[in-house]
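Trainee: Could you take me through one part of this model in detail? I'd like a close look at the place where the two chains meet.

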2 protein chains.
Amino acid sequence: MSTKPGPRLNAQNINPNVVAAQYAVRGELAVKSEEYRAKLAKGDKDLPFDQVISANIGNPQQLDQKPITFFRQVLSLMENPLLLEHKDVLTNQLGYKTDVIERAEWLLSKVGSVGAYSASAGVPAIKESIAKFIERRDGFPADPSKIYLSGGASSGVNTLLNVICAGPKTGVLVPIPQYPLYTASLAVLNATCVPYYLDEAAGWGTDLDTIRTAHAKAKEAGTDVRALVVINPGNPTGASLPEDNIRAILDFAREEKLVVLADEVYQTNVFEGRFYSFKQVLRALQSENKDGKFDHQELASLHSVSKGMVGECGHRGGFFELVGFAPEVEAEIYKFVSITLCAPVVGQCMVELMVRPPVAGEPSYELYDREYSRIFNGLRERAVALHKAFSDMEGVECGTPQGSMYLFPTIRLPARAAEAAAKEGRKADEFYCLRLLEATGICVVPGSGFGQKEGTLHFRTTFLAPGTEWVGRIVDFHKKFMDEFR
Amino acid sequence: MSTKPGPRLNAQNINPNVVAAQYAVRGELAVKSEEYRAKLAKGDKDLPFDQVISANIGNPQQLDQKPITFFRQVLSLMENPLLLEHKDVLTNQLGYKTDVIERAEWLLSKVGSVGAYSASAGVPAIKESIAKFIERRDGFPADPSKIYLSGGASSGVNTLLNVICAGPKTGVLVPIPQYPLYTASLAVLNATCVPYYLDEAAGWGTDLDTIRTAHAKAKEAGTDVRALVVINPGNPTGASLPEDNIRAILDFAREEKLVVLADEVYQTNVFEGRFYSFKQVLRALQSENKDGKFDHQELASLHSVSKGMVGECGHRGGFFELVGFAPEVEAEIYKFVSITLCAPVVGQCMVELMVRPPVAGEPSYELYDREYSRIFNGLRERAVALHKAFSDMEGVECGTPQGSMYLFPTIRLPARAAEAAAKEGRKADEFYCLRLLEATGICVVPGSGFGQKEGTLHFRTTFLAPGTEWVGRIVDFHKKFMDEFR
């Protein structure tokens, strides 16, 4: 082998699991949209649009969203603690309230320098703040020693799946459609993804019969199904699960002895009803069932600073909480995170600020509350506007916005469009999204990137971009597309 | 299986590759040292020391090292760009020079918000700054499109090994002793570590015959050896490789068609001679050998903001540069990094500042230069003091400090110490280091955590801790230990 010319590594001899992984959110369309953006930045006038709108990725601050002032003021002091030698200047001339200064001083006393590695699982004091946040949210206590800071939720998912998956025999139930991190990570780990379809007719809720069937089928095929992923609120669907749905899932997980991975990064992006955490519902089930049948249920729930009204994805902050895991497994999780040393420390501080924002009566509260509400209302308004536009479009159907940052409409395209797509070797939804990008500069993700039922087509779009002009561009494009291929 | 009581996951059924991985740098001793630190913080007076010194990990800012002012001033503005509305206050009252403000404005114009995801491989403008830095360092051009920002060098190593390793048949040559990230990552990937011993008698240099023998033996055993790791300057050894050594390694890699992974995170921590990058030496070989025999050599070189005089490990910033990789393999690397979204954006900014610090004539240069030199000189002085202490200790031998942040002395312990260790089920060096921690609060890492030749014992200590009082504590402990077990 050492005499063959050309490089040593090629697509045939490298890790086949990496080659097999698919991740459309940042795939061909995303790359193309960046090329367009670069062209426009260079003053190119040949494109039929003057702006690229990255509606393919939940990246709030790339679009309209301004960071929350309190968070960033504290972080500026974490980066340059020497500023704290000028408190009068900070407060009298730069608009820093006293609670900003107090929080920074407190965090510095706990973190030391943000330039130093923290403990592997995160800064102990930040884990305590998270535990208190979970306690306030759920009404049940939380144990700081079961909390692990991570580089966004993605790195938490990666840690958990790495520990859980023991090769191709291991099966993990994953909702379809799903955020492709799960299928991609399972592919890299050469574990088996056991898909269960969400129920589009029921607002993309989880249907227990469907899960049960998928599980039974996989078990029959010899797969050792040991974990169940739930994304709530849903990505890409936006569905927000009611409490009884979560109870049913946990009861099923208990029956079948499945570890539950609850991806709850959109927990504050809820427009309809309220958010129920898996932890809260599990604790309720545990206290209701005195026979102890829920006592050994394993749950890992994940959260992040990337979404919600925080929207600080670039800081790569997040955490997961473990419930019911064996100490020997926790030790392996600890070892795994220690190999990557620690989550970014500024991101950890951002987590602390997210879970302990200013409260009523504190100097920064009023501004914080105003900024937070403006972001929340803006998201809801744009979701509603986008939804309205979709309901007026031929062949497009979309449930009402419930949560997260996305809409995931069904599209029915003419047969000739499918034929034209096939000629280019593309799926019909990919073809549609590519045309949309080329015509309007708006980048969305084809439903095939998340998985969808055979014979259905969708796309996922965020509702983060400011204004509604771009929504009009989608409507116009769609009309022309339908006319062209009718 | 679903009727057995207890949790679903246990050490027997989870990922055996994770279970098999070892990572001593943050292992038992590190955990114990953190417990002592917590005890002391609570006012405990029972311990025989009043301070824990974490000499187990290269974490400069946890110890003496102050961050460089220019870096942190710019980052404070990246976190809170609203401060730029008060430039007069910044410059007249807070000591921000104009180049700080200009750099922050430039970075903000390129990055947008540090709270937004960047492009998967990093902010394009930061990749351009890195390319220019490499060009200045090496005297050969660098291509920004071959540069990938990563969360510290660790995440870069993880990406590269994930792509390179295709199961147990894949072999990667790793120096022993080595920073255990390599063996741990190979264990997690279930690939084969092919160890080659460094030559302690030659200042821990690489001996080509040893590498050749290790390679041939592995090949004979059916292993597909496809990559060679070099850590230069060395960790834990501190060795800094001369140019001819690097030439010989590259020539061997070419002959045997091995991808070279050059871990160069300590490139500015060099006390003896100068640093030669693998990229520079490869480019020189390529231009000298007109027959093109080096043209297909694949090299990935890694760098980080964690070490050097920067010491900003908590920011998790780093990058790797690819040379000679096939485009189809680069595409897989891109996909892999895109699954984890992007490196922390503040960390990326820190990389930019590291590769483009103030230069002579710029307003912040004088202070930067003074801070940088003070850190460099402080490290060298402490290395020399520690080395001197070791040379006075019975049974301890240690080469002169050449580079990195570590000394890695050999220790010869009395047979009775080995027996006492065995009784506790420990390796003798582990036993020694545990006793050192218990007696002095100084945490170092046993040589077995990095690998060492059968029958030899070592430990790794950083020389980051301030002062020399703690060095005296090691000397005293060692004397008592030897007396006890003689």
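Mentor: Let's go through the interface, starting with how the copies are arranged and then turning to the contacts.

A word on ground rules: this is a predicted model, so local features need pLDDT of at least 70 and side-chain atom pairs count only at pLDDT 80 or more, while totals for chains, interfaces and linings use all residues. Residues are numbered from 1 along each chain as its sequence is written, chains are lettered from A and ligands numbered from 1 in the order in which they are written, and side-chain values use heavy atoms, with hydrogens and water left out.

The same surface serves both: 99% of the contact residues of chain B recur in chain A.

Now the contact itself. On chain B, 97 residues touch 96 residues of chain A, with contact meaning heavy atoms within 4.5 Å. Together the chains bury about 7,700 Å², 58% of it on carbon and sulfur atoms; that area is the accessible area (1.4 Å probe) the two parts lose on being put together, summed over both.

On the polar side, 51 residue pairs are in polar contact between chain B and chain A, both residues at pLDDT 80 or more. That takes a pair of N or O atoms within 3.5 Å, where within protein one must be able to donate a hydrogen and the other to accept it, and residues adjacent in sequence count only if both atoms are side-chain atoms. The interface also has 4 salt bridges, each a side-chain nitrogen of Lys or Arg within 4 Å of a carboxyl oxygen of Asp or Glu. Take Arg72(B) and Glu79(A): they form a salt bridge with their closest N and O atoms 3.8 Å apart.

Which element of chain B gives the most to the side touching chain A? That's helix 12 (residues 327-339), with 8 residues; helices here are DSSP runs (H or I, at least four residues) numbered from the N terminus.

Terms used. Helices (H or I, at least four residues) and strands (E, at least two) are DSSP runs, numbered from the N terminus.
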